[in-house]
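Please consider the sequence and the three-dimensional model shown here. The explanation is intended to be read alongside them.

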Amino acid sequence: MMMQPNRLDLFARHPANPILQASDWPYPINSVFNPGATVLADGTTLLLCRVEDRRGHSHFCAARSANGLDHWQIDAHPTFAPDPQQYPEERWGIEDPRITYLEELAAYGVVYTSYATGGPGVSLATTTDFKTFTRYGVVMQPENKDAALFPVRINGLWAMIHRPIGAQGSHIWMSLSPDLRHWGQHQCMLEARKGGWWDANKIGLSPPPIATEEGWLMIYHGVRMTPGGCLYRLGVALFDTEHPERCLRRGEPWVLSPHTEYERHGDVPNVIFPCGVTVLPDGDTLHVYYGAADSCVAVAIGSIRQILDWLTIYGVAT
Ligand code: BMA
């Protein structure tokens with residue numbers, strides 16, 4: 001493969017990063033990271049942030065901004081908190097929300113990690129206003145995480161991407177459902193590579209899949225285990241619109257790697273972990289919202305067109 005180093009950087013970090021941190025919060029917290037993202041009907045960007053308290057448990061708190069970059073209005077109290085009485089799977093908190101607008105239901109689907117004695121599982125809730133939420137409970141039992149819904153039914157069925165933990169590596173899977181409650185027809189979408197690759201052994205979905213003219217664009221994370229700890233980096237892959245279990249192209253190099261001070265230092269160093277992406281009104285510009293070092297929130301700007309072009313050069317058909 002011919003490398004063109006100047007074309008490897010697909011995302012530009014916003015100069016105001018980190019855009020949200022614990023000191024911005026209206027109540028005492030340890031850290032804020034891994035936000036889900038969506039654009040509301042009035043154009044406001046909403047981040048549903050994972051907030052960790054000083055017990056080490058997480059809940060979600062919404063932050064809203066007109067331009068998705070600054071002047072964030074943060075809810076005065078937790079927006080969506082664990083409910084361990086009725087949902088024991090949330091006993092140790094809820095983490096890493098991923099938001100998808102479901103036009104058919106005129107509601108947002110929020111898929112998140114629920115954490116308790118059984119390990120991390122995947123739970124689902126819906127909301128129309130990010131004030132009240134309807135819980136569906138656990139939709140993928142432990143150990144499983146890194147899940148998000150597709151915005152539309154695929155061949156008549158809802159579809160969800162998730163990441164079960166496997167003895168032979170942790171790969172990205174897809175499942176189908178008639179009603180968002182009963183899930184089946186499980187298929188592996190993307191396998192972790194092996195050996196010396198940046199995405200060997202353990203990968204997971206980052207933000208929900210993005211609809212493009214050429215297929216579903218997936219931004220995923222690869223975890224490299226090193227003697228100095230784990231490195232969380234991002235890669236991209238493209239999947240067939242009608243059959244999203246079919247990967248069309250997969251990038252070989254990573255596209256974003258921990259580099260700045262706020263990504264390299266924090267509660268968990270060397271982590272870039274996006275759970276949210278928004279597409280700007282031009283239909284091309286992406287705001288990728290990520291947790292940096294499990295401590296704060298940052299945004300990287302990208303272009304769908306550039307990523308698709310890049311995949312034709314640096315991607316391989318699978
Ligand atoms: C993953 C998830 C993320 C976290 C990352 C790095 O397994 O638990 O919530 O940001 O590890 O610690």
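The paragraphs below treat a sheet and then a set of salt bridges.

The model is predicted, so local features require pLDDT of at least 70 and side-chain atom pairs count only at pLDDT 80 or more, whereas totals for chains, interfaces and linings use all residues. Residues are numbered from 1 along each chain as its sequence is written, and side-chain values use heavy atoms, with hydrogens and water left out.

Strands of a sheet pair through backbone hydrogen bonds, in either a parallel or an antiparallel sense. Here, four strands make up an open sheet in the order 10-11-12-13, with antiparallel pairing. Strand 10 (144-149) and strand 13 (184-190) are the edge strands, each pairing on one side only. From one strand to the next, the twist averages 25°. Strands are DSSP runs (E, at least two residues), numbered from the N terminus, and two of them pair if DSSP finds at least two bridges between them.

Strand 12 (residues 172-177) is joined to strand 13 by four bridges, and the two run antiparallel. Leucine 176 has glycine 184, in strand 13, as its bridge partner.

Side chains of opposite charge can pair when their charged atoms come close. A salt bridge is counted when a side-chain nitrogen of Lys or Arg is within 4 Å of a carboxyl oxygen of Asp or Glu; by this rule the count comes to 13.

One of these salt bridges joins aspartate 96 and arginine 50, with an N to O distance of 3.0 Å. Aspartate 96 lies in strand 6 (residues 94-102) and arginine 50 in strand 3 (residues 45-52), so this pair ties together parts that are 46 residues apart in sequence. Aspartate 96 is buried, at 5% relative accessible area, and arginine 50 is buried at 8%; buried means under 20%, exposed over 50%, and partly exposed in between (1.4 Å probe, protein chains only). A network of salt bridges links Arg50, Glu95 and Asp96.

Which residue forms a salt bridge with aspartate 53? The partner is arginine 55, the closest N and O atoms being 2.9 Å apart. Arginine 55 counts as exposed at 62% relative accessibility, whereas aspartate 53 counts as buried at 15%.

Arginine 64 and aspartate 75 also meet in a salt bridge through their side chains (3.0 Å, N to O). Arginine 64 belongs to strand 4 (residues 58-65) and aspartate 75 to the loop between strand 5 (73-74) and strand 6, so the pair ties together parts that are 11 residues apart in sequence.

How values were computed: Axes fitted to C-alpha atoms, helices over the stretch in contact; angles between N-to-C directions.
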